[in-house]
Amino acid sequence: MSELLQDVVALAHPAARRAAARAVARRLGGEDMVIFVRDPQVSALLPAPGFAQTLRGGREWRRFVDACVVRGECALEALMPPDGGAAEPAFGFACGEDVVAVVLGATGATAETAEFRCLLPLLASTYASERAAANAEAQARLARQAAAHAESLAAALDQVRGQLQRALRDAGSARQQLEVMNDQLQGQAIELEAQTEELLQQTDRLQQMNAALETARLVAEDANRSKSDFLATMSHELRTPLNAIGGYTQLIQLGIHGAVTDGQHAALLRIERSQRHLLRVINDILNFAKLEAGHLEYDLTPLSIAEVVADLQPMIEPQIQAKQQQYTVRVASPSLLVHADREKLQQVLLNLLSNAVKFTGEGGAISVEYEVPVTDAATVVVRVRDTGIGIPPDKRESIFEPFVQVDASHSRGGQGTGLGLAISRDLARGMGGDLRVESDGRAGSTFHLTLRRPSTP
Ligand code: ADP
């Protein structure tokens, strides 16, 4: 085998190709060599596998190898004359249209060029199969990559499918829960309906009871009015003969019907005291009956409170003197006016003062004072104080109820009806005021009578 042939055989081995290319190039008058083979996929001449794939001035090389195919062989200088001798010389020769050998550093053909040209198709087919193998390898790699990709895609799809299945399961159990809740709600709705029905029935019953109560109240009010009317009439009927008893007693005392002995005088005094007491009781009942029947009328006018209190003094004086008590009137403003009914105001104050005297021992002190309180400038407060037996805390409200007394011994053996304070409070309220009591149970009591002041125009 010739040496050229040995080198060409070496060119077929990928590992020895670079060195073999330089050896063949030297035989063909150059330094290195690149073999171009047509790639059917791109239909262009490309450097065969194992040769430098990128060459200086790539496009010029392509033009050069295409020229070699057209001319059979061609020197680079012939195609592109060197500009100042800087370009490296090259000589290319083709074998058919599909293979071109370019000898770098050679300027023309040598004796061995023709022999090498004949061997070129063999090399070309070797390189073509190498490229095909490389392409197949690349495609196989791509296919493997695609398969791996498809696998991971399938795994991802599996995961998504799993998630979907779980979501479906969750949705199923949520729907079941909703159905249970729906059932419960329906049950509750039915219960509520029943309760509403029950409530409506109860409301009906309550309305009926209310109507019955209203009728009963009207009947009771009617009965009460009848009772009060009866009491008022009866009291009036009783007062007339009682007044006659008083008058005749006084006439007998004056001796108009003949001389009166000491014994008869003492008996007449007792009759007169009893007659007065009975008259007071009947007056109280009459007043109370009138109040309850709503027959009382108020003549409210501006009154000087100083004047009203002063007018009372002669009425209360004998009782105060009898018990040697001290009586004081404290006047803050002598010209103070109240909006009240004179007669009824006197009645209230007289009742308070009588009680004060009655429930205070001998030598005790009674006082009346009045002022405009700082808390309400539209009112006047009249206070009746005493240093008497006081009122226990649990009785401070009930004594304003009709017929209530603290106790029998307290009220000194039935000297009263228990109506005075009930009447007084009603009268005070009827005049737009009020009546209440303060007492510490030891140092006497203080009754507070609130009255309205005349409104300034
Ligand atoms: P009466 O004096 O006719 O019993 P009142 O309604 O005026 O009726 O008084 C009711 C009761 O309140 C009296 O019985 C007495 O127990 C008590 N009370 C009234 N004023 C005083 C007072 N100043 N001090 C102590 N107790 C009083």
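Which residue lies over the face of Tyr-298? The residue is Lys-344, at 5.2 Å from the ring centre. A charge is said to sit over a ring if NZ of Lys or CZ of Arg is within 6 Å of the ring centre and within 35 degrees of the ring normal. The structure is a predicted model, in which local features need pLDDT of at least 70, side-chain atom pairs count only at pLDDT 80 or more, and totals for chains, interfaces and linings use all residues. Residues are numbered from 1 along each chain as its sequence is written, and side-chain values use heavy atoms, with hydrogens and water left out.

A further charge of this kind belongs to Arg-425, whose charged end sits over the ring of Phe-400, 3.9 Å from its centre. Arg-425 is also one of the buried residues of helix H9, where buried means under 20% relative accessible area, exposed over 50%, and partly exposed in between (1.4 Å probe, protein chains only). Helix H9 spans residues 420–430, and eight of its 11 residues are buried. Helices (H or I, at least four residues) and strands (E, at least two) are DSSP runs, numbered from the N terminus. The cover over the buried residues of H9 includes helices H6 (262–293) and H8 (342–358), as well as strands E11 (434–439) and E12 (445–452). After H9 comes Gly-432, which has a positive phi, near 90°.

The discussion now turns to rings that pair with one another. A pair of aromatic rings is described by the distance of the centres and the angle of the planes. Rings of Phe, Tyr and Trp (its six-membered ring) pair if their centres lie within 6.5 Å; planes under 30 degrees apart count as stacked, over 60 as edge-to-face and the rest as tilted. Five such pairs are found in the whole structure. In one of them, the rings of Trp-61 and Phe-64 have centres 5.9 Å apart and planes at 70°, so the pair is edge-to-face. Both residues belong to helix H3 (residues 58–71), where they are three residues apart, about one turn of the helix. An α-helix has 3.6 residues a turn, so residues three or four places apart point the same way. Trp-61 and Phe-64 are both buried.

The pair of Phe-91 and Phe-93 is tilted, with 6.1 Å from centre to centre and 40° between the planes. Phe-91 counts as buried because its relative accessibility is 6%, and Phe-93 is buried with a relative accessible area of 0%. Ring pairs link these two residues and Phe-116 into a cluster.

Terms used: Contact = heavy atoms within 4.5 Å.
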